[in-house]
Amino acid sequence: MKEIKEIIKAFDLARQSGEKIALATVVQVDGSSYRRPGARMLVTENGQLTGAISGGCLEGDALKKAQLVIFKKKSMLVTYDTTDEDDAKFGIGLGCNGIIHILMEPIDEEQENNPIALLRQCIEDREDKVLVTVFDVKNKRSTQVGTCLLYKNQHFASNGNFSILNELGQIFSREKSKEVFSLEKSVILPLHGAENLHAFVEFVPAAIKLIIIGAGNDVQPLTQLSSVLGWEMDLADGRSDHATKNRFPLVDQIITGKAAEILPKLKPDKQTAVVLMSHNFNYDLEIMKGLYPYRFPYLGVLGPKKKLQKLIENLSNSGIHLNEEIHKVVFGPMGLNLGAESPEEIALSIISEVKAVISRKKPAHLKLKEGPIHEDEKTSW
């Protein structure tokens with residue numbers, strides 16, 4: 001989500017200066033690659049790059065291809081095949097051992113719901129979206145349908161390129177959008193009713209949001225790491241002299257007041273983690289009472305296990321009994337066991353655990369993982 005936000009910001013700046021623009025999107029990967037389908041990069045006619053489609057090895061060549069697309073005003077699919085051990089012949093030193101398909105699209109500002117406009121709708125609220133990008137793997141130099149359909153709030157938004165598809169292809173795209181939205185998993189599959197065309201049906205979740213209860217000095221590195229990741233942040237505390245924009249310039253919203261006053265302003269959702277770092281037992285207790293039942297995936301409590309046990313006992317005495325399902329979202333002490341000691345290390349520990357939980361992953365050494373690092377987006381639907 002951070003990459004999409006940065007691309008839109010760069011697009012707006014380039015438009016102000018009158019520069020023409022192209023969007024490069026990784027739409028399919030066979031084998032190993034640093035970036036996966038959905039990675040994007042904005043390219044201006046003067047060579048400014050925003051975002052990334054690889055670890056740096058493809059960008060130079062992709063820049064030239066994107067500038068050609070801008071000049072010709074015609075989209076195309078570019079394929080980098082790194083399965084050959086002698087990848088030096090490409091002149092780009094790939095070294096990933098995969099085949100990477102990248103869609104290059106010139107952006108027509110006058111086109112309704114052009115690819116950038118569809119991306120802009122992906123970040124306008126905290127609702128999940130599905131984005132459909134259609135590409136031709138055989139006729140790569142022919143004009144591509146491209147980023148053409150967005151599913152949101154049970155409605156579709158499309159541009160003129162979507163109308164190029166026949167009726168069967170349009171129906172298929174809409175049906176798969178709904179399925180992907182329900183399953184919350186991107187897929188790449190042949191487009192029914194259209195020879196050689198494939199659809200990258202991309203699930204685009206809302207950005208991770210961090211609600212931080214507390215405005216102590218130990219919260220500052222947490223906000224810094226969260227900002228680097230592009231997470232949204234709300235911070236709440238009862239002390240107006242601590243919870244200030246000067247102390248926390250990276251936070252999106254600062255809320256001050258008693259626990260009962262701030263609770264109505266906290267709006268956690270399924271992409272939200274709440275962390276209790278106020279160092280005030282009664283304040284944390286009131287927050288836990290007010291947010292119950294916890295319909296969000298992560299509630300972290302700073303401090304020793306005894307503190308959490310005492311909080312749970314107090315909740316029980318007030319008539320709130322945490323069942324097994326609720327216990328699964330409560331983490332205390334919060335954070336992964338990284339040997340953290342300093343505030344910065346503790347922040348890393350917390351951020352790592354939040355990311356793992358919201359991504360529904362069990363933290364482990366990648367060296368112990370069987371099979372490829374990334375899941376394959378392809379499916380036989």
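1. Helices are DSSP runs of H or I with at least four residues, numbered from the N terminus. K289 is found in one of them, helix 7. The model discussed in this note is a predicted one.

2. Confidence comes next. The mean pLDDT of the protein is 92, and 94% of its residues reach 70 or more. One stretch to treat with care is residues 87-95, where pLDDT stays under 50. For that stretch the model has 14 contacts beyond four places in sequence. Where pLDDT is low, the predicted coordinates should not be read in detail.

3. Back to helix 7, which covers residues 281-291. Its buried residues are Y283, D284, L285, I287, M288 and L291. What do they pack against? Their partners include four strands: strand 11 (209-213), strand 12 (232-237), strand 14 (272-276) and strand 15 (298-301). Helix 6 (259-262) and helix 8 (305-317) are also packed against by the buried residues of helix 7.

4. The N-terminal end of helix 7 is capped by N280. A side-chain oxygen of N280 lies 3.2 Å from the backbone nitrogen of N282.

5. Leaving out residues up to four places away in sequence, K289 touches L315, S318 and I320. K289 and I262 are 27 residues apart along the chain, and their C-alpha atoms are separated by 13 Å.

6. The structure holds 5 aromatic pairs. One of them joins Y151 and F181, edge-to-face, with 5.5 Å centre to centre and 90° between the planes. Why does this pair tie together separate parts of the chain? Y151 lies in strand 7 (residues 146-152) and F181 in helix 4 (residues 167-183), so the pair connects parts that are 30 residues apart in sequence. Y151 counts as buried at 7% relative accessibility, whereas F181 is partly exposed at 32%.

7. Another aromatic pair is that of Y294 and F296, which is tilted: 5.9 Å centre to centre, with 55° between the planes. Y294 is buried, with a relative accessible area of 5%. F296 is buried too, at 4%.

8. Ring pairs also link Y151 and F181 with F156, giving a cluster of these residues. A charge is found at F156: the charged end of R174 sits over its ring, 5.8 Å from the centre.

9. Strand 7 also contains K152. Is this lysine buried or exposed? K152 counts as buried, at 16% relative accessibility. Its side chain makes a polar contact of 2.8 Å with the side chain of E124. Leaving aside neighbours within four places in sequence, K152 is in contact with Q121, E124 and K129.

10. How many disulfides does the structure hold? The count is 0. C122 is accordingly in no disulfide, and the nearest cysteine sulfur, that of C148, is 13 Å away. C122 is buried, with a relative accessible area of 1%.

Terms used
Residues are numbered from 1 along each chain as its sequence is written. This is a predicted model: local features need pLDDT of at least 70, side-chain atom pairs count only at pLDDT 80 or more; totals for chains, interfaces and linings use all residues. Side-chain values use heavy atoms; hydrogens and water are left out. Rings of Phe, Tyr and Trp (its six-membered ring) pair if their centres lie within 6.5 Å; planes under 30 degrees apart count as stacked, over 60 as edge-to-face and the rest as tilted. Helices (H or I, at least four residues) and strands (E, at least two) are DSSP runs, numbered from the N terminus. Buried means under 20% relative accessible area, exposed over 50%, partly exposed in between (1.4 Å probe, protein chains only). A charge sits over a ring if NZ of Lys or CZ of Arg is within 6 Å of the ring centre and within 35 degrees of the ring normal. pLDDT is the predictor's confidence in each residue, from 0 to 100. Contact means heavy atoms within 4.5 Å. A polar contact is a pair of N or O atoms within 3.5 Å; within protein, one must be able to donate a hydrogen and the other to accept it, and residues adjacent in sequence count only if both atoms are side-chain atoms. A disulfide is a pair of cysteine sulfur atoms within 2.5 Å.
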